[in-house]
Amino acid sequence: MESKNKLLEARLNNILSPLGFELYPFKVGWYNEKVGEAYVLPYNSDTLAFSTISTPDMFEKTFKPFIFEQDLSGTQDPIDQCMIHHFNLVKQEFLEEEVEVIHDFEMTPNRRPKVLLQTAGHVSGAAYYYQQNDLKENTWPQKKKMYGVSIHPRYGGWFAFRPVVIFKNIECPDLEQQLPEDCVPTQELRKELLERINFHWQDWSFRDIIAPVKRYSEEQKLYFQTLPKDRHELLVKMKKKHMCGD
C-alpha cells in the first residue's frame with residue numbers, strides 16, 4: 001500500500017510541479033484533530049489527502065498561459081477559473097480513483113470555508129501556521145482577535161495555499177507526519193509577524209519576515225495588489241502585450 005501511495009504522489013507531483021505547485025501529503029485524521037466540528041472532513045482518519053501551494057513560479061508557468069487562451073468575458077475570478085481548470089485536469093488523470101478537490105474559495109451553505117487551508121498546510125508540513133498561542137505572552141487587548149498566518153521555510157509569505165486534494169478511496173496508515181519547519185522561532189519575530197499581518201497586511205511586509213529564496217515578480221505583485229474589480233483591465237493589457245510579442 002505504501003509503495004502505491006508513493007507512486008500516486010509521484011504521478012501527482014509530475015503533473016503539478018512543472019506548473020509551479022508543490023504538494024504535501026497528510027492523513028485526514030491529522031487535520032480533523034485540529035479543527036472544530038463544523039470543519040471536520042467526513043472521511044476515515046487514514047484517508048490520503050494533499051495540501052497544495054502555488055509558488056512564485058505559478059503566475060508565469062500557469063496563470064498567464066491560461067489567461068492568454070481566455071476571452072476574459074467571464075465574471076468568475078480568473079485565478080479561481082485557472083485553479084478549477086488545472087485541478088479538473090488532475091482529476092481526469094486519476095479516473096480510477098475517487099478524488100475530491102476542495103478549493104480555497106468554496107463555501108458551505110452557511111458561508112463557512114469548506115476546508116481550513118492553513119490548518120491543512122500545517123499538519124501536512126507545508127508551512128508553519130503561526131497563531132496567538134505561539135506566543136508565551138499576549139500583549140494585545142484581551143478582546144483583540146489576532147489572525148494567524150502561515151510562513152513557508154523557502155518562500156516566506158510569497159506563496160498561496162491552493163486546493164486540498166483528497167483520495168477518498170485510498171488509506172495511508174503508514175504515512176509518517178512531517179512537522180512544518182518552525183522558521184520564525186523567536187518570540188520577538190513571531191510577535192512582529194502577527195502585528196504585520198494584522199495591522200499592516202496591505203504593505204505585504206509579513207511576506208518578508210524571513211529571507212525567501214524567491215518573491216513574486218513585479219507583474220505578479222501588481223496583479224495581486226490591484227483590487228479585484230480593476231484586474232480585468234490589467235489582464236487585457238497583459239494579453240495585448242503578449243499578442244504583440246513584447
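The structure is a predicted model, and the protein in it contains 8 helices and 6 strands. Read from the N terminus on, these elements follow one another in the order α-β-α-β-α-α-β-α-β-β-β-α-α-α. The radius of gyration of the protein is 19 Å, close to the 18 Å that the globule rule gives for 246 residues, so the protein is as compact as a globular protein of that length. Taken along the principal axes, the box that the C-alpha atoms fill is roughly 55 × 50 × 35 Å. Of the 246 residues in the protein, 48% are buried. When contacts between residues at least 6 apart in sequence are considered, 75% of them join residues that are at least 24 apart.

Strand β6, which spans residues 160–171, is mostly covered, with 9 of its 12 residues buried. This strand is paired with strand β2 (residues 47–54) through 7 bridges, and the two run antiparallel; within this pairing, Ile53 stands opposite Phe161 in β6. Strand β6 is also joined to strand β3 (residues 99–102), in this case by 4 bridges and again in an antiparallel manner, and here Ile102 stands opposite Val164 in β6. As a general point, the side chains of a regular strand alternate between the two faces of the sheet.

The packing of two helices is described by the angle between their axes and the distance between those axes. For helix α3 (residues 58–68) and helix α8 (residues 231–243), the angle is about 90° and the axes lie 10 Å apart. Since angles of 65 to 115 degrees count as roughly perpendicular, α3 and α8 are therefore roughly perpendicular to each other. On the side of α3, the residues in contact are Phe59, Phe63, Lys64, Ile67 and Phe68, and these meet Leu235, Met238, Lys239 and His242 in α8. The residues of this contact between α3 and α8 comprise 6 nonpolar, 1 polar and 2 charged.

Because exposed means over 50% relative accessible area, Arg111, at 64% relative accessibility, counts as exposed. Between Arg111 and Arg154 there is a separation of 43 residues in sequence, while in space the two are 33 Å apart, C-alpha to C-alpha.

Notes. Residues are numbered from 1 along each chain as its sequence is written. This is a predicted model: local features need pLDDT of at least 70, side-chain atom pairs count only at pLDDT 80 or more; totals for chains, interfaces and linings use all residues. Side-chain values use heavy atoms; hydrogens and water are left out. Axes are lines fitted to C-alpha atoms, for helices over the stretch in contact, and angles run from 0 to 180 degrees between N-to-C directions. Angles under 35 degrees count as roughly parallel, over 145 as roughly antiparallel, 65 to 115 as roughly perpendicular and the rest as oblique. Contact means heavy atoms within 4.5 Å. Ala, Val, Leu, Ile, Met, Phe, Trp, Tyr, Cys and Pro count as nonpolar, Asp, Glu, Lys and Arg as charged, and the others, Gly among them, as polar. Buried means under 20% relative accessible area, exposed over 50%, partly exposed in between (1.4 Å probe, protein chains only). Two strands pair if DSSP finds at least two bridges between them. The radius of gyration is taken over C-alpha atoms; the globule rule is 2.2 Å times the number of residues to the power 0.38.
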